[in-house]
Amino acid sequence: MPGFLLSLTRIGSYRSLLHAAAGAAVAMPVAPFALAAAVAVEADSRVRALVALLALAVLMGLLGLLGPVRRLGIGLANTLLGTTVPAPGSRPDIATRLRSGLWLALHTAASGILFTVLAFLGLGLLVPAVWLTGGQDTISLFWSGVPLGAWTIPFGLVVAFAAVAMTAAATFGLRAAATALLGPSDAERAALAERRAAVLAQRNRLARELHDSIGHTLTTSTIQAAAAADLVEADPAQVRRALGRIEEASRSALEDLDHVLGLLREEPAAKEPTRTLAEVDVLAVRARDAGLDVRLTVTGPVAALPAAVSREGYRIVQEGLTNALRHAGPGAVDVRVEAGPERLAIAVVNTLPGVGPRPGRRGLTGLAERVEALRGELDAGPDGERWRLRATIPLRAGA
């Protein structure tokens, strides 16, 4: 109870008044048909009024079966009542349509009740005002000739409080009803979950692409730029070669970045770069230019690998060399790529730093996702004084 009384002081508790006005506006085009149905009935005024109300409720319920009307109802509820009902699906089922029709009928009924409450509020303010101004001695309420007196003040306060409380209660009730009646069906919830999963998968894919391509290029370019700065006077020719390799790597990274940005903007133009294990020697050359002693061994028909496997294999080698550039100790980095008839095996092995902490390798989560998507296995971690990264990807079902 104290919580409800506290809510009476909040402006948001009276949003149902605006919602009632919107409901009345929606019902206005339908009201003449309800009045026509009441006029056609041969009965007294009270029966006709009841028929008009029932006809209006039925007509509004039928109107609520329409998909655009449901979308309008969700928009009004979210905007005026402060609900968070998600946008509806494109093809609601019959149960969802019936709930939508019931909601619109309830919305119309609540609008009429709230306007009646406002009328009583006006009455509760009018009665004490008439007595205080001394305009007359009696007033007609539910019966004629009621004498005015001091009782009109508590009467006005009680009526005002009741009107305020009923308006606030209507707001909370309509919020709960909107969530229940306009909320998504099981099929729509499943569709929403699928869309969220697709968005998350796309985000993870973009994050992997940015990390693998841009991260590798920045790492090699930074190391080459630092080396060039040391040789700028002693060996200008070597500096020019280093700058040329930085330019080449940067152009390649820009292609990757353009592709990722195109995906983010949903543009059809950006063509996906097709870097495969056929270009693995380029990765080795760039790593050597950055100061890494890379020993590359490639066996088997790498060029005949399936396109998806070859692209992911390229990224695996790229990530292994990037981490080696950042964390490897002295000594050679062995890279082995073996394309067999049933599986692709990749191994990147480097020495660990001799002293100090051994930092973790970034990007392994993304690599694990890539390999898992192809039903492969990934193993990465220290092995004595060396760090080993192994990936095995089957080329045939059951391999």
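The expected span of a helix is taken as 1.5 Å times one less than its number of residues, and helices themselves (H or I, at least four residues), like strands (E, at least two), are DSSP runs numbered from the N terminus. This is a predicted model, in which local features need pLDDT of at least 70 and side-chain atom pairs count only at pLDDT 80 or more, while totals for chains, interfaces and linings use all residues. Residues are numbered from 1 along each chain as its sequence is written, and side-chain values use heavy atoms, with hydrogens and water left out.

With that rule in hand, helix α2 (residues 15–27) can be checked, because its 13 residues at 1.5 Å a residue should span 18 Å, and the 19 Å between its end C-alpha atoms agrees with this. The buried residues of α2, where buried means under 20% relative accessible area, exposed over 50% and partly exposed in between (1.4 Å probe, protein chains only), are Ser16, His19, Ala20, Ala22, Gly23 and Ala27. These residues lie on the same side of α2, because they cover an arc of only 165° around the axis, the arc being that of the directions from the helix axis to the C-beta atoms. Among the elements that cover the buried residues of α2 are α3 (31–39), α4 (45–63), α5 (67–81), α6 (94–133) and α7 (152–182), contact meaning heavy atoms within 4.5 Å.

We turn now to charged side chains. A search of the whole structure finds three salt bridges, each defined as a side-chain nitrogen of Lys or Arg within 4 Å of a carboxyl oxygen of Asp or Glu.

One of them joins the side chains of Arg386 and Asp334, at 3.5 Å from N to O. Since Arg386 belongs to strand β7 (residues 386–394) and Asp334 to strand β4 (residues 333–339), this pair ties together parts that are 52 residues apart in sequence. Arg386 is partly exposed, with a relative accessible area of 25%, and Asp334 is likewise partly exposed, at 25%.

Another salt bridge links Arg390 with Asp379, whose closest N and O atoms are 3.6 Å apart. Here Arg390 lies in strand β7 and Asp379 in strand β6 (residues 377–383), so the pair ties together parts that are 11 residues apart in sequence. Arg390 is partly exposed, with a relative accessible area of 38%, and Asp379 is partly exposed as well, at 44%.

There is also a salt bridge between Arg388 and Asp383, with the closest N and O atoms 2.6 Å apart. Arg388 is partly exposed, with a relative accessible area of 24%, and Asp383 is partly exposed with a value of 40%.
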